[in-house]
Amino acid sequence: MPYQDYAEIRAEVAKLCAGFPGEYWQKLERESAYPSEFVNALTQAGYLSALIPEEYGGSGLPLSAAAAILEEVQRSGCNGGACHAQMYIMGAILRHGNDQQKRQYLPKIATGELRLQAFGVTEPTSGTDTTSLKTFARRDGDHYVVNGQKIWTSRAEYSDLMLLLARTTPKEQVTKKTDGLSVFIVDMQEAAKSGMTIRPIRTMMNHATTEVFFDNVRVPAENLVGEEGKGFRYILSGMNAERILIAAECIGDAKWFIKKASDYSKERIVFGRPIGQNQGVQFPIARAYAQMRAAELMVDEAARLYEQGENCGEEANIAKMLAAEASWAAAEACVQTHGGFAFAEEYDVERKFRETRLYQVAPISTNLILSYIAEHVLGMPRSY
C-alpha cells in the first residue's frame, strides 16, 4: 500500500498529536525537557512498535505504515525525533539477534517497558567514517570490556538500552576495514554503574543529544548481536529504513510549513489586500509544494522496494535528500511569508525551522548522499 494511504492510522495519529499543541513544545524548549508524556502516548497507542512482529507484541505493520505515522506526527506540528529511533534501531535485533535476545527485548520494547532509543555509532574523531571508530570492546571471559567515546547519541539519558557499535578487532589487523566491528545491546542502567558517563550537548533545537564515555564498561557476552566482527553490515542493513522514515518526517514538516504559510498568506492583510495575492509570496510556497510532492513520490517508491525485499539504496538515499531539501524550502517560504512573526515563539515557525534544518546533516549529510549516487549509481570514481 502506498505510504500516502493509511487514512485511518493517520487520523488516529493526528487525533493523538492534537493533545500536544505548540504550547506543549514551547514549554519543553524553555525547560530543555524531554517530551516524556508525548513519547508515552505514542508508545501506549502502539505506534512505536509498528514494525515489531505480532509474535513479539508489536503491530507487524510494513515500513510504509511506519512512514505514514511519522509523517503525520511532523505534519501535526509535533516532533518525532524524540522517539523515532525506536522504530528502526530494533531492526538489528529483529534481523540479526538470536531467539533469546528477541524474546527478551522485543516484547518489552513493544509495551514500552524498555526504551531502545540510543544508537551509539558516531564518534568525535571519525564522524561518518564509521570504519575508523575507536571505541573498542575487548573480550574478557563471559564479558566484553568497552572503552571509548560516542557523540551525537540522542536520547541516551532517556533510554534503557543502547545499540552500540564498537571495534572488536583493530582496524590494522583486518583484511577489509568494514570487518572487526561488532554490535552490542547495552543495558544503560548497568553501564552507568560501571563506568559509563553521559554528558548532554546543548544544541539549536531541543533534541536531547549527548556524548557518552565508556571507561572499562563490562557488557555481557550474551549481549553481542549476531557474529563478532560482522556488525558493520548489521548496522548498514537498517540504514535504508532509517533514511526512508526520516524522509517521511521531512515530508510531514514540509506539509506543516506549506499549510502554515498558505493559511497565513490568505489572512494577513497589507496594503488593503491579502499578501497571498502577490506572486512574490505565492511562488515560493507553490514551488515548495511541488518539491514536496516530487519527494513524496520518491519516499513511496523507496518504501515499496524496501517492502519487496529489493535493493533500495539508491531510492532511500535520494528520498531522504529530496525530502530534506523540500522541507527546508518550505521552511524558508514559511519564514518569509510570516516576516517578523516567524521569529515569535508562539507561531511555532522558528521551532520547526530549526528542527527541520537538521535533516540535511543527519542521519547522513547531503554531500555523502551525492557521493553515494555518483559512485554506486553512476559508476564514477570513489571520492573518499
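1. A disulfide is counted here as a pair of cysteine sulfur atoms within 2.5 Å. By that criterion this predicted model holds zero disulfides. The sulfur of Cys17 has its closest cysteine counterpart in Cys78, at 3.9 Å, and the pair is therefore too far apart for a bond. Cys17 is buried, with a relative accessible area of 2%.

2. Cys250 likewise takes part in no disulfide, the nearest cysteine sulfur being that of Cys83, 15 Å away. The relative accessibility of Cys250 is 0%, so this residue counts as buried.

3. The largest nonpolar core comprises 96 residues, and Phe38 and Leu245 have the most contacts inside it. Helix α8 (residues 231-267) supplies the largest share of this core, 17 residues. A second, separate core has 19 residues, among them Met162, Val186, Met188 and Phe214.

4. As to overall architecture, the protein chain contains 12 helices and 10 strands. The C-alpha trace spans about 80 × 50 × 40 Å along its principal axes.

5. Of the 384 residues, 53% count as buried. Among contacts with a separation of 6 or more, 73% join residues 24 or more positions apart. The accessible surface comes to about 17,100 Å², with 51% belonging to carbon and sulfur atoms.

Technical notes. Residues are numbered from 1 along each chain as its sequence is written. This is a predicted model: local features need pLDDT of at least 70, side-chain atom pairs count only at pLDDT 80 or more; totals for chains, interfaces and linings use all residues. Side-chain values use heavy atoms; hydrogens and water are left out. A nonpolar core is a set of buried Ala, Val, Leu, Ile, Met, Phe, Trp, Tyr and Cys residues joined through side-chain atoms within 4.5 Å. Buried means under 20% relative accessible area, exposed over 50%, partly exposed in between (1.4 Å probe, protein chains only). Helices (H or I, at least four residues) and strands (E, at least two) are DSSP runs, numbered from the N terminus. Contact means heavy atoms within 4.5 Å. Accessible areas come from the Shrake-Rupley method with a 1.4 Å probe; for residues, only the protein chains shown count as cover.
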